[in-house]
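Hello,

I am passing along a structure that may be new to you. Please have a look at it first, and then read on for what turned up.

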Amino acid sequence: MQNLKKWRRKEQVLKEEAKRELEKVKEQLKVVTEEKNKLEQWHKDEEEKNILQNQELEVKGVKNLQLTQQLQSVNAHIEHCHQVCAKVHTLEGAYLFLVRILKKVIDKASLQ
């Protein structure tokens, strides 16, 4: 009978220890679960940020493409203007040459 009481007392002590350990484990699980939820939320937030950044980069890429095309168009126009200016310069030179020749002709004609 004495042994039975000892065993029951030991059993009771072990049950109480197990309950305390179980409570500790539950508390640790709660902390770990909270940390896991925070990390999952952080990960979700980061994914959303990345999606927004990628969308911004795509928009910037389209704008850059448009600006590049506009720049190419402007450069082509500038090149055309350079060609026209070169022709005008050539025509000015030819005009001045003709004026000199005409002046010489007129001078010779007035001398005769």
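**Salt bridges along the helix**

K36 is partly exposed, its relative accessible area being 42%. Please keep in mind that this is a predicted model.

K36 has a charged partner: its side chain meets that of E40 in a salt bridge, with 3.6 Å from N to O. The two residues, K36 and E40, sit 4 residues apart in helix 1, about one turn of the helix. E40 is partly exposed as well, at 45% relative accessibility.

Where does helix 1 run? It covers residues 2–111, and other pairs can be found in it.

One of them is K38 with E35, whose side chains form a salt bridge at 3.7 Å, N to O. Here the spacing is 3 residues within helix 1, so about one helical turn separates K38 and E35. K38 counts as exposed because its relative accessibility is 54%, over the 50% cut-off. E35, at 41%, counts as partly exposed.

Another pair is E23 and K26, joined by a salt bridge in which the closest N and O atoms are 3.9 Å apart. E23 and K26 are also 3 residues apart in helix 1, which means about one helical turn between them. E23 has 49% relative accessibility and counts as partly exposed; K26, at 47%, is partly exposed too.

How many salt bridges does the structure hold? There are 5, among them the pairs K36 and E40, K38 and E35, and E23 and K26.

Conventions: Residues numbered from 1 in each chain as written. Predicted model: local features only at pLDDT ≥ 70, side-chain atom pairs only at ≥ 80, totals over all residues. Heavy atoms only, no water. Salt bridge = Lys/Arg side-chain N within 4 Å of Asp/Glu carboxyl O. Buried < 20%, exposed > 50% of the residue type's maximum accessible area, 1.4 Å probe, protein only.
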